[in-house]
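Colleague: I would like to learn how to read a model like this. Can we go through it feature by feature?

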Amino acid sequence: MKADRKIRVLMSKTGLDGHDRGAKVVTYFLRNEGMEVVYLGQFQTPESVVRTAIEEDIDVIGLSSLSGEHMSFVPSMMKLISQEGLDNVLVLLGGTIPRKEMPFLKEMGVDAIFESGSPMNSIIEFIKTHVSLRGS
Amino acid sequence: MTKEIDRISEAYRQKMTDTKTWSGFEVKSIYTPEDIDLDYERDLGSPGTYPFTRGIHKDMYRGKLWTMRHEIGYGTPEDSNRRLKFMIENGATGLDFIADNPTHLGMDSDHPLAIHDIGRTGVPLTSLADMEELMDGIPMEKVSTFTNTFSACGFVVLAQYISLAEKRGLNITELRGQVITDTLHSRYCGYRPAAPVEQAFRVGADLMEYLTRNVPKWNMIFPCYNLRETGINAVQEVAFLFSIAIAFIRELIRRGLDIDDFARRLSWIPSCHMDFFEEIAKIRAERRLWARIVKEWFGAQDPRSMWWRGAAKAAGCSLVAQQPLNNIARVSIEALVAVLTGCQALEVTTFDEPICIPTDEAHRISLRIQQIIAHETGIARVADPLGGSYYVEALTNKLEQEIMDLINKIEEMGGIIQAIKSEWLDREIDEALTRYQEEVENKERIIVGMNEFIIPPEEDVEIEHLEISYERGLERVEKIKSLRRKRDNEAVEASLKTLYGKSKGDSNIMPYVIDAVSHYATIGEVMGMVRLAHGNSYDPSETLSPSFPLE
């Protein structure tokens, strides 16, 4: 990764759920940190998220899930990510994620899970550390 | 241990440093008679007397306790029917079901984008067949039901309910319940694609007019709560929703109704948030202010038209995923706000809301909290027990003034529709939610277990959580496909075409919606007609188009 290139983040909801407060807040804080954030609105599918990640040359995919839909959405999306060879893209999941489901989601390839209430700094630090590691 | 000893000696000297209310108003350390300028008759009035600051009924809870109800909806209509009955068995006194995400958006369970969302955060209500299963074994003539679909598609769900009542041979003029008729706020609560402004306003006004003329005991709800959950403050919560209600009142009057024909059926869902006294003052202020607005702005004569009736809800967004049992304390404190201010109904949000769809046990605990307040504490014995407190009255005055100023500001902008179209309201909400989050990050706001008094996750309690299986969603898709084959498709098509034609004109569309629904037209099909007639895409996601030619 070139040093002057800004970190590019795709922030999306999964599926039809409309609880967008978390995704909006995280977007705001990441932009304040100088990251470029592409914010996708409702009606995303695993396909549309992955397609946009490719088109927009994204470093980090951030998914916000509040209704439990991640349990079917994430496996489908991770399969596509692997098919498309996007192994360098960091995948983060946030929102209402029961702790019991976290091991399964990590096994699916999610790099980090930020349950609701996570400090914004923990998300920012994770992205900064891991994007630069992958880029080098 | 040295560290802990240091901590305890430091903690011993802790002081109250947070001197501002949730909404940012600085308060003093003590209030005296100097702080309130009150005329008892003019500003408070005894309960049951204008301006109803102290309550709308003379005898308050000695006449009737508040209605205890909880939002139910998950999985399938059968699952939700079982939960409704579980709550009735446990002593709930009102019914309340909430639709799932696809239904809120006006999309059917077999919509290609819906599969991950079926039965999550609510019950799927694609057609009348689902309503039949949801209400199976529940006597609609004996219960009061809140058909809680708060998007601009809620009128279709109510049409399913009315159609089912007609099928059961019931007199719909006797039906009792509540529906959210504010179709504008949901664009800020996740359902914008389903709520183009002009269309949403028209269907909301059609619904209100229809209910006033045909189902006169049905209450029309403006849910301040939903908008508050976006992160706005107490003043904004009331001012925005009052401004929306004012827009609908003007429209109904334009259509020839008199304020006294319908105003007594308006009711409100105030949020009961964590800042105890500010929330109490807010509810008392809004009761007084609403009475004045309805009387002075719209010339109501009937005192019942001036009643601000509250169906309060404990704030879901005040609950946290960390150390979740603490949420039981939070919602209990919030529930006290509703009871101490004399609300007419209450929903206590479940402690597991930040983690999953509520389990049976979580719902029962919420109900038990209400029953403990009602039957063990004696709090409900006396009306407005905090009335006359120097602090509460001073804060009530302050909140009323702030709310009124904001309503006037919106009026000067040309009213709420203009404030929505110009995206002023979007900016207000975004500013509020980012400011709130900054305060949480800086620990200007302490949230126990979340940004202070934290424990490692492995020490935290593990709670049971409800899973909604993907396979159940697949079964739903098959069920809807089968319905489409079995129903009388000629009747469906004819009724939808009529609805499309009526939606293009000025007539009230509700009778045509009910007719289409009675033939098992789906919510997606009904909304498709209304959307097309208003110049919008058939499908909010622009994936589907009508299955037959329209003209």
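Colleague: Where is B:E542 found?

Modeller: B:E542 sits in the segment after α20 (523-533) of chain B. Keep in mind that this is a predicted model. B:E542 has a positive phi of about 60°, although it is not a glycine.

Colleague: Does B:E542 count as buried or exposed?

Modeller: Count neighbours. B:E542 has 11 C-beta neighbours inside 10 Å, so it counts as exposed.

Colleague: Which value of phi does B:T121 have?

Modeller: B:T121 has a positive phi of about 55°, and it is not a glycine. This residue lies in the loop between α4 (101-104) and α5 (128-134) of chain B. For burial, the cut-off is 20 or more. B:T121 counts as buried because it has 25 C-beta neighbours inside 10 Å.

Colleague: Which peptide bond is cis?

Modeller: Look at omega. The bond from B:Y50 to B:P51 is cis, with omega near 0°. B:P51 is in the loop between α2 (40-44) and β1 (67-68) of chain B.

Colleague: Next, helix packing. How do I describe a pair?

Modeller: Two packed helices are described by the angle between their axes and the distance between the axes. Take α11 (residues 276-297) and α14 (residues 390-412) of chain B. Their axes come within 8 Å and cross at roughly 60°.

Colleague: Why are α11(B) and α14(B) called oblique?

Modeller: Roughly perpendicular starts at 65 degrees, and roughly parallel means under 35. The axes cross at roughly 60°, and α11(B) and α14(B) are therefore oblique to each other. The crossing of α11(B) past α14(B) is right-handed.

Colleague: Which residues meet in that contact?

Modeller: From α11(B), they include B:F277, B:I280, B:R284 and B:L289. From α14(B), they include B:Y391, B:L395, B:L399 and B:M404. The contact of α11(B) with α14(B) divides into eleven nonpolar, one polar and six charged residues.

Colleague: Now sheets. What is the strand order in chain A?

Modeller: Read the order across the sheet. In chain A it is β2-β1-β3-β4-β5, an open sheet of five strands with parallel pairing. β2 (36-40) and β5 (112-115) of chain A each have a single partner strand, so one side of each is left without a neighbour in the sheet. On average, neighbouring strands are turned by 20° against each other, direction ignored.

Colleague: How many bridges join β1 of chain A to β2(A)?

Modeller: Five bridges join β1 (residues 8-13) of chain A to β2(A), and the two run parallel. A:R8 has A:E36 in β2(A) as its bridge partner. α1(A) packs on this sheet, touching β1, β2, β3 (60-65) and β4 (90-95) of chain A. The direction of α1(A) makes about 170° with that of β1(A).

Colleague: And what is the order in the chain B sheet?

Modeller: The order is β2-β3-β4-β5-β6 (chain B), an open sheet of five strands with parallel pairing. At its edges stand β2 (95-98) and β6 (266-268) of chain B. Here neighbouring strands are turned by 25° against each other on average, direction ignored. Four bridges join β2(B) to β3 (residues 144-148) of chain B. B:I98 has B:N148 in β3(B) as its bridge partner.

Colleague: Last, the interface. How many residues of chain A are in contact with chain B?

Modeller: 28 residues of chain A are in contact with 34 residues of chain B. α1 (21-32) and α3 (70-83) of chain A are the elements that give two or more residues to the chain A side. α1(A) gives the most, with four residues. That side divides into eight nonpolar, twelve polar and eight charged residues.

How values were computed. Residues numbered from 1 in each chain as written. Chains lettered and ligands numbered in written order. Predicted model: local features only at pLDDT ≥ 70, side-chain atom pairs only at ≥ 80, totals over all residues. Contact = placed C-beta atoms within 7 Å. Nonpolar A, V, L, I, M, F, W, Y, C, P; charged D, E, K, R; others polar. Pairing = 2+ DSSP bridges. Axes fitted to C-alpha atoms, helices over the stretch in contact; angles between N-to-C directions. Parallel < 35°, antiparallel > 145°, perpendicular 65-115°, else oblique. Left-handed = near helix turned anticlockwise from the far one by under 90°. Buried ≥ 20, exposed ≤ 12 C-beta atoms within 10 Å, placed from the backbone.
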